[in-house]
Amino acid sequence: AHVRDRASICGIAVEDADLTDLEHRPVAELLLVPVAASSHLLARHPGPIDLAGLAEAVQVVLGEHRYEAEREDDRHGVFSPRTWRVVDLATKHALIAAGLGWGHMPEHLIRDDLASGRLVQLPLDAWGGVARRRQLLLVWRHGGLMGPVARWAQDRLTQLCKRAVAPAPPGDHHLA
């Protein structure tokens with residue numbers, strides 16, 4: 001939204017975001033992990049969780065800064081009819097960690113929570129019980145002029161994203 005509104009020259013988005021009127025290139029790959037707080041009912045569910053098991057649980061979903069009318073098809077990765085939409089990962093993380101819902105989070109942001117037991121990976125039947133990978137994209141407006149500083153910033157942002165989402169070190173096996 002900030003890039004489209006010309007408030008930013010470029011931004012970072014996940015591949016299944018609305019990319020209308022934006023150019024993009026991949027910068028890194030994310031591992032999305034379905035999680036809930038260890039105190040959440042879904043965390044104590046025995047075995048794989050099917051769609052019926054998710055129906056009564058609130059799913060915290062990351063949305064975009066868009067009007068409600070523009071969200072009609074914004075259902076990718078949404079498995080529960082009960083959703084809370086937030087527009088930043090920090091809020092999503094806080095709500096999930098507080099036990100107020102469950103959701104998919106980038107693995108690199110929740111490594112410590114998984115290792116400490118604060119969050120638990122959920123074995124969702126809907127995804128075959130495995131975490132999913134998504135491309136992280138650098139986005140900019142069609143025809144946006146990229147001078148040398150903007151190109152340097154894009155390259156640096158790409159490096160920082162790759163470093164941030166790098167896999168956990170060997171021997172760190174807290175993901176199923």
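Accessible areas here come from the Shrake-Rupley method with a 1.4 Å probe. With that in hand, I began with the surface of this predicted model.

**Entry 1: the chain as a whole.** I looked up the accessible surface and found about 10000 Å², of which 56% belongs to carbon and sulfur atoms. The chain has 176 residues, and 39% of them count as buried. I then listed the secondary structure, which comes to four helices and seven strands. Read from the N terminus, the order is β-β-α-β-β-α-β-α-β-β-α. I also looked up the contacts between residues at least 6 apart in sequence, and 74% of these join residues at least 24 apart.

Entry 2: I turned to strand 1, residues 10-14. Its covered face holds Gly 11 and Ala 13, while Cys 10, Ile 12 and Val 14 lie on the uncovered face. Strand 1 pairs with strand 7, residues 132-141, in the antiparallel sense, over five bridges.

Entry 3: Is Arg 134 buried or exposed? Its relative accessible area is 13%, and buried means under 20%, so Arg 134 is buried. I found that its side chain makes a polar contact of 3.1 Å with the side chain of Asp 16.

**Entry 4: the nonpolar cores.** The largest nonpolar core has 12 residues, including Leu 31, Val 60, Val 86, Leu 95, Met 105 and Leu 119. I recorded that strand 2 (22-37), helix 2 (89-97) and helix 3 (107-116) each supply at least two residues of this core. Another core, of 10 residues, lies apart from it; Val 27, Leu 138, Ala 150 and Val 165 are among its members. I also looked up the neighbours of Val 86, leaving aside residues up to four places away in sequence. Val 86 touches Val 60, Val 61, Leu 62, Gly 63, Thr 91, Lys 92 and Leu 95.

**Entry 5: the cysteines.** How many disulfides does the whole structure hold? My search returned zero. Cys 10 is in no disulfide, and the nearest cysteine sulfur, that of Cys 161, is 9.9 Å away. Cys 161 is likewise in no disulfide.

Definitions and conventions. Residues are numbered from 1 along each chain as its sequence is written. This is a predicted model: local features need pLDDT of at least 70, side-chain atom pairs count only at pLDDT 80 or more; totals for chains, interfaces and linings use all residues. Side-chain values use heavy atoms; hydrogens and water are left out. Buried means under 20% relative accessible area, exposed over 50%, partly exposed in between (1.4 Å probe, protein chains only). Two strands pair if DSSP finds at least two bridges between them. A polar contact is a pair of N or O atoms within 3.5 Å; within protein, one must be able to donate a hydrogen and the other to accept it, and residues adjacent in sequence count only if both atoms are side-chain atoms. A nonpolar core is a set of buried Ala, Val, Leu, Ile, Met, Phe, Trp, Tyr and Cys residues joined through side-chain atoms within 4.5 Å. Contact means heavy atoms within 4.5 Å. A disulfide is a pair of cysteine sulfur atoms within 2.5 Å.
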